[in-house]
Amino acid sequence: MATGCDSGGRDSSRWRLDYVSASRDADVFDIAAVSKDEGWALSTEKRKDDSEDSFLLHRKGATWRHAELPTPLRSEGGTLAGGQLEASGPDNVWLFGDVGKDGGAGALRWDGHRWRRTAVDFYVRDVEVVAPDDVWALDASSDGPVAHHWDGTRWTEHPLPTDYVGWLSASGPDDVWAVGDAREDPSDEDVRHRRQPAIVHFDGKKWRQVTTPEYHSPKPKPQEKAILTEVVALSRDDAWAFGLHGYTGETGSQEFDTAFALHWDGSRWRKAPKALDSSGETSRHLAVSATGDGAGGLVLGSMLGSEQHRATDGTRHVIKDPEPVAGRSGKITEEDRRQHFQLHDLQLVPGTRTVWAVGAVGIPLYRGDASFGRGAIVSYSTGG
């Protein structure tokens with residue numbers, strides 16, 4: 001791993017490439033780290049006719065390899081596209097997606113030896129696997145915000161006390177968070193399109209809405225919105241939520257101009273220090289994934305790059321792109337040296353201070369014939 005210092009004097013590290021696809025039209029879009037040397041990932045590769053193949057990657061030891069697709073996917077024509085992986089350990093890995101013969105929602109569970117089907121009658125927006133008999137899933141197909149809970153035998157439905165939630169995180173069975181947004185004042189017609197952060201919490205018995213800070217521009221803007229797009233629970237008294245504050249522009253499109261962070265200290269949610277407001281050089285960078293660093297700090301991945309590690313002492317470590325890989329020519333050209341790692345998901349490896357991240361490394365389409373994207377899995381040591 002290469003390390004160094006940036007112009008601001010901050011220690012700066014680089015993602016290390018652990019897996020790169022042979023295909024130059026590929027992506028790795030989800031990961032589940034289950035132990036210090038085992039993990040699962042979901043990937044897609046584009047065929048010449050622009051259709052996609054989807055497959056599993058499995059690491060047991062030091063190397064990521066293609067894994068055999070679960071039987072329902074092989075025999076019934078299911079797909080991993082848009083699927084989700086979550087796990088609580090090597091013998092409790094869940095895969096949600098279109099796993100049936102004619103498509104449709106479904107789930108598979110890896111028990112350490114083989115994949116078994118579990119009946120699911122809803123599409124999943126986000127999942128948190130706490131234990132084999134404790135799984136929470138947000139329903140992407142219901143009219144209102146609903147969470148489903150698996151108790152080891154069956155799923156039960158739990159309506160949530162807010163307008164919309166899309167992301168989950170838990171530090172334990174009685175400390176589960178879900179975040180999203182809600183109408184600012186449903187009774188006021190003038191502000192019905194304005195939205196503010198919404199957070200709900202499960203304490204082991206019941207879901208309750210928790211008061212959150214609001215965000216307002218100095219001068220009112222049309223259809224102003226402050227929405228949460230990620231949450232990570234480190235412990236009962238330490239959780240973070242990330243979002244964007246914006247408004248509707250003159251063309252009618254949504255304009256987001258400020259990223260923000262909220263912190264839970266065990267008693268209430270507060271606006272985070274300005275240093276955590278964005279995950280890169282520009283304030284528009286959206287934190288698409290966040291995880292702990294194994295020592296009370298955070299690693300943030302953003303929509304536009306500029307991933308960073310925030311240590312407990314407040315030090316910010318910018319994580320640089322991995323070393324370049326060969327592009328369309330089969331060699332690393334000067335153009336290839338401008339390639340970028342597009343991150344989709346990241347997770348702390350259990351029992352370590354290493355983070356695994358997935359995405360694609362390459363050159364974007366607007367650069368013409370030089371463009372490519374190789375699916376990639378990378379790692380970063382947070383120290384210790």
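Among contacts in the protein between residues at least 6 apart in sequence, what share join residues at least 24 apart? The share is 48%, where contact means heavy atoms within 4.5 Å. This is a predicted model, in which local features need pLDDT of at least 70 and side-chain atom pairs count only at pLDDT 80 or more, while totals for chains, interfaces and linings use all residues. Residues are numbered from 1 along each chain as its sequence is written, and side-chain values use heavy atoms, with hydrogens and water left out.

**Overall make-up**

- The protein has one helix and 30 strands; these are DSSP runs, numbered from the N terminus, with helices (H or I) of at least four residues and strands (E) of at least two.
- Of the 384 residues in the protein, 51% are buried, that is, under 20% relative accessible area with a 1.4 Å probe and protein chains only.

**The largest pocket**

- The volume of the largest pocket is about 1300 Å³.
- A pocket is an open set of points on a 1 Å grid over the protein atoms alone, where a 1.4 Å probe fits, with protein on both sides within 12 Å along at least five of seven lines. Its volume is the space filled by probe spheres set on the points, which are joined across faces, edges and corners.
- The pocket is lined by 46 residues, and the closest to its centre are Glu-86, Glu-128, Asp-345, Leu-346 and Gln-347; a lining residue has an atom within 4 Å of a point.
- Elements that give two or more residues to this lining include strand 12 (124-131), strand 20 (225-235) and strand 28 (340-348).
- The lining divides into 22 nonpolar, 17 polar and seven charged residues. Here Ala, Val, Leu, Ile, Met, Phe, Trp, Tyr, Cys and Pro count as nonpolar, Asp, Glu, Lys and Arg as charged, and the others, Gly among them, as polar.

**Strand 28 and its sheet**

- Strand 28 runs antiparallel to strand 29 (residues 354-363), joined by eight bridges, and Asp-345 stands opposite Val-358 in strand 29.

**Strand 12**

- Six of the eight residues of strand 12 are buried, leaving the strand mostly covered.
- Strand 12 makes a hairpin with strand 13, with two residues between them.
- The antiparallel pairing of strand 12 with strand 13 (residues 134-139) covers six bridges, and Val-129 has Val-135 in strand 13 as its bridge partner.

- Strand 20 is largely enclosed by the rest of the structure, because eight of its eleven residues are buried.
- Strand 20 and strand 21 form a hairpin with two residues between them.
- Nine bridges link strand 20 with strand 21 (residues 238-248) in antiparallel fashion, and Leu-228 stands opposite Gly-243 in strand 21.
- Tyr-215 sits in the loop between strand 19 (207-210) and strand 20, and counts as buried because its relative accessibility is 12%.
- Leaving aside neighbours within four places in sequence, Tyr-215 has contacts that include Glu-224, Ala-226, His-245 and Phe-260.
- Tyr-215 and Ile-227 are twelve residues apart in sequence, and their C-alpha atoms are 9.6 Å apart.

Conventions: Pairing = 2+ DSSP bridges. Buried < 20%, exposed > 50% of the residue type's maximum accessible area, 1.4 Å probe, protein only.
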